[in-house]
Amino acid sequence: MSMTADAGAILPGRGGVFGALSDLFWRKPKLLVFLMILPAVLWLGIVYVGSLLALLLQSFFSIDDFSGLIVHEFTLKTYAELFRAQNLDIIIRTVAMATAVTIASAIVAFPIAYWAARYARGHWKAVFYLGIMLPLWASYLVKIYAWKLILAREGILNWIFEQLHITFLLDWWLALPVIGGNSLSISYTGTFLVFLYVWMPYMILPIQAAIERVPVNLLDASADLGATPRQTFWKVIFPLALPGIIAGSIFTFSLTLGDYIIPQIVGNSQFFIGQAVYAHQGTAGNIPLAAAFTVVPILIMGFYLWGARHAGAFDAL
Amino acid sequence: MTAAVSLQQVSRHFGLVKAMDAVDLEVAAGEFFAMLGPSGSGKTTCLRLIAGFEQPTAGQIRIFGEAVEGVPPYRRNVNTVFQDYALFPHMNVRDNVAFSLMLRKLPKAARHRAAEEALEMVRLSGYGDRRPGQLSGGQRQRVALARAIVNKPKVLLLDEPLGALDLKLRESMQDELKALQKSLGITFIFVTHDQGEALSMADRVAVFNDGRVQQIGTPEEIYRRPQSRFVADFVGSSNVLDPEFVYWILGEKRWASLRPEAIHVMAAGSGNSLSRMTGTIVSKSYLGPVVRLLIDLNGTKLHASVPSTEQLPGEGEKVTLGFAKDALHIMESGA
């Protein structure tokens, strides 16, 4: 009683620099937000976007065929280079691989994500997150070399096929044109499997988040209105999970488009875009062409997102 | 005549929790039936069992005479209006309403026409192109209703349909629901925890508590002749009088209920009535048309509801109360 009687209606200020700052931020909350995001804006806006623009600028220069020096004049010559058969091959190969990896990972990831979002509780939820995250903590290179050993002719996968007496299946697969090869570790199939493995978490997590946001009573409502489980899946669950699938596919697609290590370690020696960029800016010293190659994934992703938006993929957001 | 819905000894247990325990229930065709009870009393579970979202642990459910054991919700000609509406956020209002018709592969023109008709019935014509997110709570509620009736189900289930609406809207929706039920002739079963809603809308009411049906009857029966202490207290907040008190008045040791508005309150010493008693006003709350009094009568606390036009003494002052002996309703049990 006496304590409250002593204090006035307004309590004394805290005083000092921090007290003054607290009062200032309380009166102008936007100032606090501005100060908090300032470092990130500087980093993203100037260092990150700035260097990206500088790189893109390079793609409008060209290289002198004789001297090998960069000609600092605006030209579309370098872009025309991209359409030469050998470069176009690289682009088509990379886009085809990225597409295959994205579709396959969506198909594999969906049931896992669905289980995690709808059924995993308590310990199982922890097991799910650990199972998804654990591989991300291990070194990328170690995982890829491990896969090389798994897929090699003397590797564990071959051994399993032998034990099951179905080596002929593997041989039949490897005999297929394009996707086959001498062994899995030096075929497109091998590259594909490793991509699928490495990017899988990036597909599972967004889909899981999207499905988790779908209220269960929408599924009840769908069944109530006469939808079989199959119809409920295609008319309700899938459209509502689509933003998650798109988000996941942005990761898997763009990461595959840009990766240059996996195809170098597992696969035949044919170049992917990432390898082309690496080779052109490094040993070949052709930075304009490397920059032009870099623009390709950016353009493809731009079109992809534009198309997804038009198809209504983000309507449920 | 076969009942629209009948439950025989239906139980639903979740582990050790008996959400519903041996419930018997019969809803006549064309009836407006309310399931009333506090949260956790089993009324929503009962609704979900009829809809088919859950299966009973024991007992049998029949819809228009047909046993529905193991029949999935999508094969039951029963539709539900969900408590939080459960509208599909990725579809506009028209597609939401026409969802069941789309599943049955009705041509687009026909299902749009049917959806528009249903929307007209709930006074939402012209809203077909909107998204559920762009509608107010009351409008969403109407869309949910239109979606559930577009198919002309045999039974319409409503789970706390007006729970999320504000008072004014709730009152107008009550009248509309009643009118809609009359014009459609469909059996309505609705779940509510609001006794006023149940009494004003339903033809018959089942009062649930602890997974059991306490009493089934018309609103008047439930209100005037509660069979148990729970029903007396939950429906209409009746005073429950113990056998000692009742003996003092009627010379019979029985439990009884007494409705607050049956008690007459006068300033001490005035008036004359049958069983007259003197008590003290403990508290007084003004509720608009009536004033609610809590009166201490030699240790027994009584609620009285008095028209606010009457002159009343203030808190802590003595009053004389009286009530007609036949206003006391003898109950089966004090439980």
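In chain B, the C-alpha centres of domain 1 and domain 2 lie 39 Å apart. Keep in mind as you look around that this is a predicted model. Domain 1 of chain B covers residues 5–227, and domain 2 of chain B covers residues 239–330. Chain A is divided into two parts as well: its domain 1 takes in 11–58 and its domain 2 takes in 79–310. Over C-alpha atoms, the centres of these two domains of chain A are separated by 37 Å.

**Chain B as a whole**

Let us stay with chain B for a while. Its C-alpha trace spans about 80 × 45 × 35 Å along the principal axes. Of the 335 residues in chain B, 41% are buried. Among contacts in chain B with a separation of 6 or more, 63% are made by residues 24 or more positions apart.

**Two open sheets in chain B**

One open sheet has 4 strands, ordered S2-S1-S4-S5 in chain B, and the pairing is antiparallel. Its edges are strand S2 (17–27) and strand S5 (66–67) of chain B, each of which pairs on one side only. Strand S5 of chain B is held by 2 bridges to strand S4 (residues 58–63), and these two strands run antiparallel. To find the spot, look for B:Arg62, whose bridge partner in S5(B) is B:Ala67.

Another open sheet of chain B has 6 strands in the order S6-S7-S8-S3-S9-S10, and here the pairing is mixed. The edge strands are S6 (78–81) and S10 (212–217) of chain B, each pairing on one side only. On average, neighbouring strands of this sheet are turned by 20° against each other, direction ignored. Helix H5 (residues 137–149) of chain B packs on this sheet, where it touches S6 and strand S7 (155–159). The direction of H5 makes about 180° with that of S6(B). Within the sheet, strand S3 (residues 32–36) and strand S8 (residues 187–192) of chain B pair in the parallel sense. B:Phe33 has B:Ile189 in S8(B) as its bridge partner.

**A hairpin further along**

Strand S15 (residues 290–297) and strand S16 (residues 300–307) of chain B run antiparallel and are joined by 8 bridges. In this pair, B:Val291 stands opposite B:Val306 in S16(B). The hairpin has 2 residues between the strands, and B:Asn298 takes a positive phi near 50° there.

| Strand pair (chain B) | Sense | Bridges |
|---|---|---|
| S4 (58–63) and S5 | antiparallel | 2 bridges |
| S3 (32–36) and S8 (187–192) | parallel | 5 bridges |
| S15 (290–297) and S16 (300–307) | antiparallel | 8 bridges |

**Where the chains touch**

Finally, turn to the place where the two chains come together. Here 17 residues of chain A are in contact with 18 residues of chain B. On the chain A side, helix H11 (216–224) and helix H12 (229–258) each supply at least two residues. H11(A) gives the most to this side, with 6 residues. By class, the side of chain A that touches chain B has 10 nonpolar, 4 polar and 3 charged residues.

Key
Residues are numbered from 1 along each chain as its sequence is written. Chains are lettered from A and ligands numbered from 1 in the order in which they are written. This is a predicted model: local features need pLDDT of at least 70, side-chain atom pairs count only at pLDDT 80 or more; totals for chains, interfaces and linings use all residues. Domain bounds come from an automatic or database domain assignment. A residue is buried if 20 or more other C-beta atoms lie within 10 Å of its own, exposed if 12 or fewer, and partly exposed in between; C-beta atoms are placed from the backbone. Two residues are in contact if their C-beta atoms, placed from the backbone, lie within 7 Å. Two strands pair if DSSP finds at least two bridges between them. Ala, Val, Leu, Ile, Met, Phe, Trp, Tyr, Cys and Pro count as nonpolar, Asp, Glu, Lys and Arg as charged, and the others, Gly among them, as polar. Axes are lines fitted to C-alpha atoms, for helices over the stretch in contact, and angles run from 0 to 180 degrees between N-to-C directions.
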